[in-house]
Amino acid sequence: MEKIEKIEKYNVTGMSCAACSARVEKAVSQVEGVTSCSVSLLTHSMGVEGTASPDAIIAAVREAGYGASVSGVPDESGGKSAPKEDALADRETPALKRRLIASLGFLALLMVFSMGHTMLHLPIPSFFEGNPVALGLMQMILAAIVMVINQKFFISGFKGLLHRAPNMDTLVALGSGASFLYSAYALFAMTACQAKGNFAGAEAYLHELYFESAAMILALITVGKMLEARSKGRTTDALRGLMKLAPETAVLLKDGAEVTVPVGQVRRGDIFAVRPGENIPVDGVVLEGSGAVNESALTGESIPVDKAAGDTVSAGTVNQSGYLRCEATGVGEDTTLSRIIQTVSDAAATKAPIAKIADRVSGVFVPTVMAIALVTTIVWLMVGESMGFAIARGISVLVISCPCALGLATPVAIMVGSGIGAKNGILFKTAASLERAGEVRLIAMDKTGTVTEGQPKVTELLPAEGISPETLLTKAAALESRSEHPLSVAVMQSAKEKGVAFPEVSDFLAVPGKGLSAELEGNTLYGGNRRFVEGYAGIPEALREKAERLSSEGKTPLFFAEGDKLLGVIAVADTMKPDSPQAIRELKNMGIRVVMLTGDNERTARAIGSQAGVDDVAAGILPEGKQSVIGELKKQGRTAMVGDGINDAPALTAADVGIAIGAGTDIAIDAAEVVLMKSRLSDVPAAIRLSRATLRNIKQNLFWAFFYNLIGIPLAAGVWIPVFGWKLSPMFGAAAMSLSSFCVVSNALRLNFLSIRSAKHDRKCKPVGDFSIESTQDKEKEEMFGKNKVTMKIEGMMCGHCEARVKQTLEAIDGVAKADVSHEKGTAVVALSGDVSLGTLKEAVEAQGYKVVG
């Protein structure tokens with residue numbers, strides 16, 4: 001996975017087609033210090049990475065014949081402000097609409113004088129009857145007015161030609177200009193004939209006038225441009241929708257009074273209030289009050305989230321009930337909402353690898369079309385056709401060719417796709433990640449916090465004969481209330497959830513690695529592993545078997561007794577997330593192989609893996625080992641890694657696509673290319689589904705763009721005239737060019753109808769070949785431990801948390817490289833990188849309350 005660097009964004013003006021964006025990209029890439037540059041024709045923006053100064057980059061763009069400015073305006077606090085909605089406002093469509101209305105008005109008059117009176121017998125002033133020169137002059141004047149109205153095509157087109165960077169406007173300007181100039185020549189010839197009294201010859205020249213073609217080309221291209229602009233505006237609807245969430249004002253609490261201020265004046269540490277029904281203005285933490293906050297705009301989760309003192313709130317979410325008093329922790333571009341908007345915007349400013357095909361073609365497209373038009377004209381003259389016929393064929397080639405469709409094929413789909421993802425709580429940081437996610441064939445996922453909840457919970461209560469479940473939980477909670485062990489916390493949490501009140505205990509004693517004891521109402525309570533408790537109370541065989549079954553399912557059975565009387569067993573486990581099995585089934589139905597990575601022992605890992613339904617389990621994997629496993633999986637096919645912790649960051653970076661769970665650490669989120677705002681594993685197949693649909697849409701767009709030009713250019717050149725008699729007039733060529741870009745953009749908008757959480761239309765990709773994950777682990781462990789290792793036999797470890805404690809203790813010793821600990825085997829395999837005495841290892845472990853027996 002490529003490292004994601006900070007992208008400096010610029011606004012670029014004057015671009016009209018893919019050839020323009022290619023020219024700007026080439027110019028900026030040659031600036032010293034620029035490592036990468038990506039220009040978006042869709043948003044007229046540019047993303048630049050490197051050390052080059054903004055002045056040097058802007059100068060390079062201007063030298064190429066375009067305008068540029070740095071995106072983002074400093075706010076009052078000196079930093080860049082949050083993105084504004086008006087940055088995406090559609091200013092292009094209204095201007096094009098005005099141009100089009102004026103053009104169509106004069107074009108209608110021109111058509112009356114050129115064709116209307118002859119073909120439809122429409123009335124014209126008597127002055128023009130029998131006066132072909134006057135009729136021709138009127139047509140020339142009206143055509144010239146339409147050309148002045150659409151002068152932007154000529155200014156941009158000839159400017160590009162002067163900079164040796166012809167673009168789409170160059171083709172339009174040459175086509176319309178050639179029609180006008182040839183018609184002007186024919187008009188002068190007509191004038192000469194009429195001056196000599198040859199009225200029949202003058203009348204004949206009326207058929208050589210193409211003034212209506214010159215004007216019609218411009219009008220039709222403007223129609224296409226307006227339709228394209230309107231459709232392009234809709235591709236940023238999702239982004240504008242996010243921007244609308246940010247309120248304009250905030251209510252600050254100053255000196256006991258509420259003061260309404262612009263949201264840009266809010267600073268970190270300010271205290272603000274939010275009433276029911278109001279949008280939260282900035283990120284903050286609740287100091288006082290409680291309420292239900294709708295976070296659906298950021299996470300896609302429709303159910304409101306209860307907030308109370310100590311909970312965090314995000315800008316753009318809606319407080320549906322309750323009064324909240326909060327402290328601002330993130331303002332301006334540092335809010336969650338602003339970061340989401342920036343991520344979507346940055347993704348649109350980058351290029352997907354598939355776009356490189358269009359880029360290569362766009363760079364030579366316009367000069368090639370100009371050459372084809374010139375050759376077409378010359379060939380038809382050589383075979384004996386008239387000048388008017390030959391020029392018409394050349395003009396048709398110029399105006400039917402459309403580099404815009406090529407340039408828009410990828411960015412419009414990327415913008416729509418990333419916008420849909422953002423609305424559903426799935427953020428793609430780059431266009432490349434949006435493309436690569438759909439090509440994934442293997443997914444490795446961390447167990448804790450990704451497949452499971454990440455917190456131990458009580459799953460079963462197995463009271464002994466004559467003991468009620470409530471009595472078992474009451475006395476167990478009383479005993480565990482004095483312990484801070486994660487398993488004790490789980491028992492306490494279960495008692496609180498069930499509303500169980502428990503008494504205070506005395507003479508509390510913790511026996512590390514074994515269990516707990518305390519006095520309650522004159523009796524001694526015991527709790528811990530089976531060996532510890534059976535030293536005080538008998539355990540029936542039936543209960544032993546149930547406990548063994550629980551252990552085989554990856555759960556930790558805790559035994560409790562009061563004096564010599566067994567109270568029962570409480571099973572504690574890191575429970576499966578409700579949506580994990582369904583998410584994994586959907587991934588497998590897509591043809592993706594799912595591998596679960598965990599540091600747990602083999603037995604626990606296999607049990608949880610079986611419940612989740614994964615294809616393979618890699619157990620006993622250390623953080624560095626995860627990276628090694630990813631490396632092996634990548635040899636089988638494109639691999640994604642899903643994780644949430646700091647220890648997942650190396651694996652997320654090593655994978656082809658790193659996917660971070662949003663509730664995870666900032667380090668994991670920074671290392672990943674795709675971020676899931678909610679901790680739902682079901683968002684992983686949704687992200688892949690969206691990626692596949694976007695990639696499919698891009699391929700459809702590219703096919704249409706290439707196919708259109710492949711069919712259109714030979715037709716316009718007249719290749720089929722000798723065979724089928726097919727002839728294309730310049731006007732129909734201009735109409736086809738107008739519709740091509742509109743079709744590409746409209747096809748991209750179909751993505752808005754995609755249901756990314758529906759598996760109905762999932763297609764199974766070609767599966768990877770068979771391979772053994774066990775061989776990968778063996779190789780990894782062999783590399784990790786080598787020959788310089790010590791195996792310690794340890795008593796007293798009873799759960800995965802004990803393993804983690806021993807592992808952390810051993811790896812903190814100088815000279816210890818790695819430690820592989822198993823509470824079930826009662827061993828710790830220690831890899832040494834220096835001289836460490838066995839006594840040092842033993843003392844460290846026994847200081848934590850465990851016993852080293854060999």
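Tutor: What follows goes through the salt bridges pair by pair, then turns to a few other local features. The model is predicted.

A search of the whole structure gives 21 salt bridges. Three of them are described here in turn.

Start with arginine 275 and glutamate 258. Their closest N and O atoms are 2.2 Å apart. Arginine 275 sits in the loop between strand E7 (271–274) and strand E8 (283–289), while glutamate 258 belongs to strand E6 (residues 257–262), so the bridge ties together parts 17 residues apart in sequence. What about cover? Arginine 275 has 34% relative accessibility, so it counts as partly exposed. Glutamate 258 is partly exposed too, with a relative accessible area of 37%.

Next comes lysine 447 with aspartate 574. Here the closest N and O atoms are 3.6 Å apart. The pair links distant parts of the chain, 127 residues apart. Lysine 447 is in helix H17 (residues 447–451), and aspartate 574 is in strand E21 (residues 565–576). Lysine 447 is buried, with a relative accessible area of 3%. Aspartate 574 counts as buried at 18% relative accessibility, because the cut-off for buried is under 20%.

Glu460, Arg549, Glu553 and Lys555 are linked in a network of salt bridges.

Now the loops. Aspartate 255 lies in the loop between strand E5 (249–254) and E6. E6 is also the strand that holds glutamate 258. Phi of aspartate 255 is near 55 degrees, a positive value in a residue other than glycine. At 85% relative accessibility, aspartate 255 counts as exposed. Glutamate 521 also has a positive phi, near 50 degrees, and is likewise not a glycine. Glutamate 521 is placed in the loop between strand E18 (515–520) and strand E19 (523–528). With 71% relative accessibility, glutamate 521 counts as exposed.

Then the nonpolar side chains. Leu374, Val375, Ile378, Val379, Met382 and Val383 make up a nonpolar patch on the surface. Together they have about 590 Å² of accessible area. Isoleucine 378, one of them, is in helix H12 (residues 355–382). It counts as partly exposed, at 42% relative accessibility. Isoleucine 395, by contrast, counts as buried at 4% relative accessibility. Isoleucine 395 lies in helix H13 (residues 387–400). Its C-alpha atom is 8.7 Å from that of serine 729, which is 334 residues away along the chain.

The axes of helix H18 (residues 469–480) and helix H19 (residues 486–497) come within 9 Å and cross at roughly 135 degrees. That makes H18 oblique to H19. The crossing of the two is left-handed.

Note on methods: Residues numbered from 1 in each chain as written. Predicted model: local features only at pLDDT ≥ 70, side-chain atom pairs only at ≥ 80, totals over all residues. Heavy atoms only, no water. Patch = residues over 30% accessible without salt bridge, like charges linked within 9 Å, V, L, I, M, F, W, Y side chains within 5 Å. Areas by Shrake-Rupley, 256 points an atom, 1.4 Å probe, with all protein chains shown as cover. Salt bridge = Lys/Arg side-chain N within 4 Å of Asp/Glu carboxyl O. Helix = DSSP H or I, 4+ residues; strand = E, 2+ residues; numbered from the N terminus. Buried < 20%, exposed > 50% of the residue type's maximum accessible area, 1.4 Å probe, protein only. Axes fitted to C-alpha atoms, helices over the stretch in contact; angles between N-to-C directions. Parallel < 35°, antiparallel > 145°, perpendicular 65-115°, else oblique. Left-handed = near helix turned anticlockwise from the far one by under 90°.
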